[in-house]
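Welcome, and thanks for opening the viewer. Please have your selection tool ready, and we will go from stop to stop together.

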Amino acid sequence: MKRLALFLILAALLFTSGCVSISLTQVETAGDTVLPESTATVPPAPVGDSRADRAQRITLYFISMDMQQLIPLSRSIRLMGDESAAEKALELLLESTGTDSLLPVAPAGTRLRALEISQGIATVDLSVDALTLNAQELVWLKAAVVNTLIGLDGIKQVNVLIDGKEESGTGLPNGTLRFVSETLTALWAQQQVDAQRFEENPAAAQILRTFTLYFGTQDQSRLLPELRELVLERDPAATLLEALRRGSDKGSRRVIPGSAMTSCAPERLTLEDGRRVIRLSFPGQIKAQLETAGIPAWQMYASLSYTLCRALPRVDGIMVCIDGNPLTRVQGPQGMLHFEGGIMIPAAFNDVVATMSTLYYADDSGMLTPVRRPMDCRSATAPRILLCSLMEAPGAGMLSVMPEGVSEADIIGIRLEDGCALVNLSGNFYRLCQGMSRQQERLLIYAMVNTLCELEAVDRVRFYVGDQTVESLAGWIYLGTELMPNPGLIRRPS
Amino acid sequence: MAFAIVATMLIRMVGEYLFSQKVREEQRMTEDLAAGFVSVLGDRDAGALYAQVLEAAEQSDSRVIVLDTQGVAQADSLSQANGQRLALQEVAHVLRGGASTYGFYDLRSSSSTFLRSLSFSARGDALMGVYTAPIPVEGRLAGVVLYLSDAREVFDNLTRMQLRMTVWLVLVALAVLTMSVLVTRLFTRPIEELSAGIARMTNGDLSSRVTVRGHNEYSQLAEAFNMMCQRLERLDQTRNQFVSNASHELKTPLSTMKVLIQTLQYQDVYDPEMQAEFLGDIDAEIDRLNAIVGDLLTLVNIDSGRQELKPELLRLDELIDETAYRLRPLAEKRGIHMDVVVKDRIETMADARKLSQVFYNLMDNAVKYTPDGGFVRAEVGRNGRMARVTVSDSGIGIPKADLIHVFDRFYRVDKARARTTGGTGLGLSIVKQFILMHEGTVDVDSEENVGSTFTVELPIINLTA
């Protein structure tokens, strides 16, 4: 009996020892833990829109003394407020008179007339002072400008205009330029060879150039630039016209109906006043064609103007003739547009080039859907405008993330500082957010964060309410820190 | 019990070792993840950070969250915790400057929705392992990696392993126990049998024997026990026989005397001759009784150790001569030739009185059991260091079957004849005891109708040698 009892005790001991007792697990209770507060200084809440001064490193490209190559010169610049790094860099480049070892790229007095950045394509318009350069120097100037700009403010390729027009020392269009890696000598030599071959036999020469074509936005309010690589034919204007007729490769709206009547041969004319224009003659039915195609007439003319004037050298404008009569006016998106002498130039269309901004709306599955919206280039970089766009009615199939009743006035201020967007919301905004569910607050906050972080200069967002930092709007998302975008919340196209 | 303790400790140690190995492995993984996040967190590239977090989670079938210095999730492989402040002890530890650490949470027993929101498996795993590691950027803390793993699988595997170990150990324990029981029985059974045998013997059953198989110490012990029982039984029988014989020997003369006395008492006619004869017989019986009692007392004293030797230097040959001298008249009356041959004159230390009684008994028996005209011869000689005395006769001899019993008490080869020759039946017993007291030996050789030879050997003790 004693042995049996001992045996049973032994078996029981062994058996219980074989069980992994819960004592192996350090079962803890959560929720009682207090995290240490950050000692970092919190910037004050912004009132009004501003951008903090910031330092940025840029690289200016100058010409070597032996005029063989471009020499990069890095320097740190201070950008004040909304100053653009690209603009500042160009200004410095143009102002520079060089050094003991570096030659200036532009003649004295050359200044920047305009800089347009859209879809990663920068269009630089320099003053006429640059025309004093010879053909070779012009090539060097363009190379220096392109290399200086690429990488700044999201710029990937560059059009360089002088006085609003494409200028080329060889007569061949340069097209939209990428970063120049070859030597200046090689660059100029290639340009000369291209010109010569094109002159001898354009078809056989197979000269390839990248051009910026302008197509319509989906809402038909603006134009969007689009790069296209084309082989130059005898008449580059015809090549460009044909490319526009074929339509966009990136989903933009076509601006020229693809019918035969739009297939016209561009004519180069020199007017009495010496201006060089390209005349495009269309039959009278073109207006009906445009209506049928749902294309605003102004959009077609603006596209032709922007595309041809910015791409073809020595073109001061275009002349559209319908049934032989030059068109002198057309209804634009914001009123009537007038063309003096029937000559259409890009400037006549009032900054119609847009860039696409990405806004985030919610869908019914609880995810954020990115919506691409065209905006003028200046608005596209304005944080307030982006947030206000979120307050507008979203497209079909999408839900607004903003609480009912908010307006632009509920955004007290936005300040961009050191990569962070400080967004000061009103007490009314806070009040309207009360009672939101976890999903609602999550979508609201990350719609704003993801949208603002689409800006080149922003990679995180901090929120304030009524000039104060708050822990949360509705109790779910912690706002006492800077929030990074949430890519996982974005619905990807299947 | 010791086995159980050792087994318990072993299982626990193995379990804890394997568990800690797994924990270290996951901690190392977390630290590696943290190192991988340094550059993307430093660049604040949310897209790249999310992609890395997703890849890490997919590769390890876990959930990975990157927190900022406030403990707020900035990247989550499930994209659910973003913007939440994860107030876990492990996070607080790292935020306060600690190194990587870990903890386990039992979601089953937790009522915290916050905790359950961290669960990442569709199975709603009960046990979750939480590992944290700091992400340093340019020497300062820039964030925390939170690595959530399914601890249930670890514990399940551990439990399975430990259960298997337990089963095996139980089987081993059973086998060991069985073996030990068998072996124990192998050793204890003979002892139990012996104990039972001793118990039976204690209760008086001297006939019981113990059976032990084999050829080991236990069987030898059992054999010795059986021999002891046999001897005790024989001794008991001998004792009983002795008591019976003693009673009989004592009762016989008493009975005879009673008859004689009663005859005399109830004699009708007084006959002086018959009276004298009867009184003579009574006297003889009294002498006989006296002799028996004397011999009995001698034996009792020997048995109880009260008989002591009184050694003195004596001449053995002279002792034999003297004894023969005393018996010669009786022998010559019957025509028996008594002879003493002294081969060696032997001087030794011995108890003269007792040796005198020894040789008297032997030579007296020889005369009694030799028919008229026979001979009795006593020889004294040296046999190495021993003195040898032989008493031989040409008497009736002793049957072979009785030879081994002649030295037993009250043993009579021929009871009727013994009675007529007047012996007590104790003489040879006394001879043997006295010789044994001298550390000698006595032996008998006999042939019926030819004669008997009694050989006594005594050690020669010479103090002057």
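Predicted model: local features only at pLDDT ≥ 70, side-chain atom pairs only at ≥ 80, totals over all residues.

**Stop 1: a threonine in chain A**

Select Thr358(A) and show its side chain. You are now in strand S18 of chain A, which covers residues 354–362. Is Thr358(A) buried or exposed? Its relative accessible area is 8%, and because the cut-off for buried is under 20%, Thr358(A) counts as buried.

Next, display what surrounds this residue. Setting aside the neighbours within four places in sequence, Thr358(A) is in contact with Pro370(A), Val371(A), Arg372(A), Thr451(A) and Glu454(A). Pick Arg372(A) from that group: its side chain and that of Thr358(A) are joined by a polar contact of 3.0 Å. Then pick Glu454(A), which is 96 residues away from Thr358(A) in sequence. In space, the two C-alpha atoms are 6.8 Å apart.

**Stop 2: the largest cavity**

How many cavities of 30 Å³ or more does a search of the whole structure find? There are 3, and the largest has a volume of about 60 Å³. To find it, select its lining residues: Asn159(A), Val160(A), Leu161(A), Glu166(A), Gly175(A), Thr176(A), Phe211(A), Thr212(A), Thr307(A), Arg310(A) and Ala311(A). Now colour the elements that each give two or more residues to this lining: strand S7 (157–162), strand S9 (208–216) and helix H8 (297–311) of chain A. If you colour by class instead, you will see 4 nonpolar, 5 polar and 2 charged residues in the lining.

**Stop 3: chain B as a whole**

Switch to chain B and show it as a cartoon. Its secondary structure comes to 12 helices and 12 strands. Chain B has 465 residues, of which 44% count as buried. Among the chain's contacts between residues at least 6 apart in sequence, 66% join residues at least 24 apart.

**Stop 4: helix H12 of chain B**

Finally, select residues 427–437 of chain B, which form helix H12. Which residues of this helix are buried? They are Gly427(B), Leu428(B), Ser429(B), Ile430(B), Val431(B), Phe434(B) and Ile435(B). Show their surroundings, and you will find these buried residues packing against helices H7 (272–304) and H9 (352–368), and against strands S11 (441–447) and S12 (451–459), of chain B.

Terms used:
Residues numbered from 1 in each chain as written. Chains lettered and ligands numbered in written order. Heavy atoms only, no water. Helix = DSSP H or I, 4+ residues; strand = E, 2+ residues; numbered from the N terminus. Buried < 20%, exposed > 50% of the residue type's maximum accessible area, 1.4 Å probe, protein only. Contact = heavy atoms within 4.5 Å. Polar contact = N/O pair within 3.5 Å; in protein donor to acceptor, adjacent residues only side chain to side chain. 1 Å grid on protein atoms, 1.4 Å probe; cavity = no way out; pocket = protein on both sides within 12 Å on 5 of 7 lines; lining within 4 Å. Points joined across faces, edges and corners; volume = space filled by probe spheres on them. Nonpolar A, V, L, I, M, F, W, Y, C, P; charged D, E, K, R; others polar.
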